[in-house]
Amino acid sequence: MTEADLYILYKGFYMPNLVHSPESLKYYEEFSFRPDDVVIVTYPKSGTTWMQEIVPLILTGGDPASVETVPNWDRAPWLEQDRARVLNLEERPSPRILTTHFRYDMMTPSFLKVKPKVIYVMRNPKDVFTSSFHYHGMTSFLVEPGLQSDFLQTFLDGKVIFGSWFDHVKGWLSAGDRHPIMYISYEEMIMNLKDSVTKIGHFLNKSLDSEVVEKIAERCVFKNMKQNKMSNYSTVPCDIMDQEKSEFLRKGITGDWKNKLTVAEAETFDAVYNDKMKNVKFKFVWD
């Protein structure tokens with residue numbers, strides 16, 4: 001099926017119509033943020049599920065029930081999705097954990113005024129592309145990726161759900177001087193998860209002793225998190241997400257793009273990356 005069949009167009013961006021609707025977008029636009037909200041922001045396939053596992057554990061002092069009894073889409077719901085409208089988020093105690101894939105310039109007046117805390121997770125775009133390619137191939141609500149070379153061009157052109165990776169990252173990086181944002185990368189968490197948990201805890205003003213940090217990090221190591229049925233999407237019907245084709249939580253590694261992209265494709269990617277990101281001063285882990 002085509003984009004017209006599967007996607008809704010919102011402010012020039014594609015989003016899957018399976019979970020987005022005019023009503024859900026209206027709800028998002030009218031949502032009232034609180035200063036102590038914690039908003040997880042990611043470009044798709046950049047570590048969203050991982051952060052939705054880590055943050056609840058930090059805020060509850062490592063209580064496993066926070067991630068074992070509630071699906072990740074309910075414990076840290078996407079504000080732009082239909083599901084958010086039925087969760088009575090207005091009645092949830094603070095701090096609420098919320099999620100969005102939106103760019104900074106798509107955030108609402110309430111968000112800009114109240115300035116809730118944001119955890120922005122970034123990932124090497126080559127690995128984002130690789131994960132996206134597999135994801136498009138195992139879901140029924142996304143356009144089939146087709147040939148890898150074709151999907152690569154589509155990705156680099158930003159003609160995918162939620163638009164350009166480059167614009168997404170640059171927009172959120174530019175907001176750091178006027179909004180409380182903690183920047184962290186998928187690669188940092190892979191390299192030292194305990195340090196990352198501690199760093200996130202400091203940002204959220206949550207004091208964690210070394211034993212709790214160790215406990216959270218051990219639980220959130222990819223191979224362990226992958227076993228959590230409240231996080232691995234195994235409860236989603238296979239006609240929507242066929243995990244026999246590709247697991248939702250697939251490898252949880254860095255550099256998998258090297259197993260996917262040809263030399264020519266990697267060179268094309270690098271050329272576009274270097275051009276799009278040439279004026280960005282932020283030091284990325286993967287550079």
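Start with strands β1 (residues 7–10) and β2 (residues 13–16), which pair in the antiparallel sense over four bridges. Strands here are DSSP E runs of at least two residues and helices are H or I runs of at least four, numbered from the N terminus; two strands pair if DSSP finds at least two bridges between them. Before going on, a word on what you're looking at: this is a predicted model, where local features need pLDDT of at least 70 and side-chain atom pairs count only at pLDDT 80 or more, while totals for chains, interfaces and linings use all residues. Residues are numbered from 1 along each chain as its sequence is written, and side-chain values use heavy atoms, with hydrogens and water left out.

Back to the strands. Select Tyr10 and you'll find its bridge partner, Phe13, in β2. The two strands form a hairpin with two residues between them, and Lys11 in that turn has a positive phi of about 50 degrees.

Next, select helix α8, residues 148–156. Which of its residues are buried? Color Gln148, Phe151, Leu152, Phe155 and Leu156; buried means under 20% relative accessible area, exposed over 50%, and partly exposed in between, with a 1.4 Å probe and protein chains only. They cover an arc of only 135 degrees around the axis, so they sit on the same side of α8 (the arc is taken from the directions from the helix axis to the C-beta atoms). Just after α8, Gly158 takes a positive phi of about 75 degrees.

Now for the rings. Phe, Tyr and Trp (its six-membered ring) pair if their centres lie within 6.5 Å; planes under 30 degrees apart count as stacked, over 60 as edge-to-face and the rest as tilted. That rule gives 26 aromatic pairs. Zoom in on Phe129 and Phe133: their ring centres are 6.3 Å apart and their planes at 35 degrees, so this pair is tilted. Both are buried.

Then jump to Tyr183 and Phe282, with centres 5.8 Å apart and planes at 65 degrees, so this one is edge-to-face. Tyr183 lies in β6 (residues 181–185) and Phe282 in the segment after α14, so the pair ties together parts 99 residues apart in sequence.

Last stop: the charged end of Lys45 sits over the ring of Tyr135, 4.0 Å from its centre. For this, NZ of Lys or CZ of Arg must be within 6 Å of the ring centre and within 35 degrees of the ring normal.
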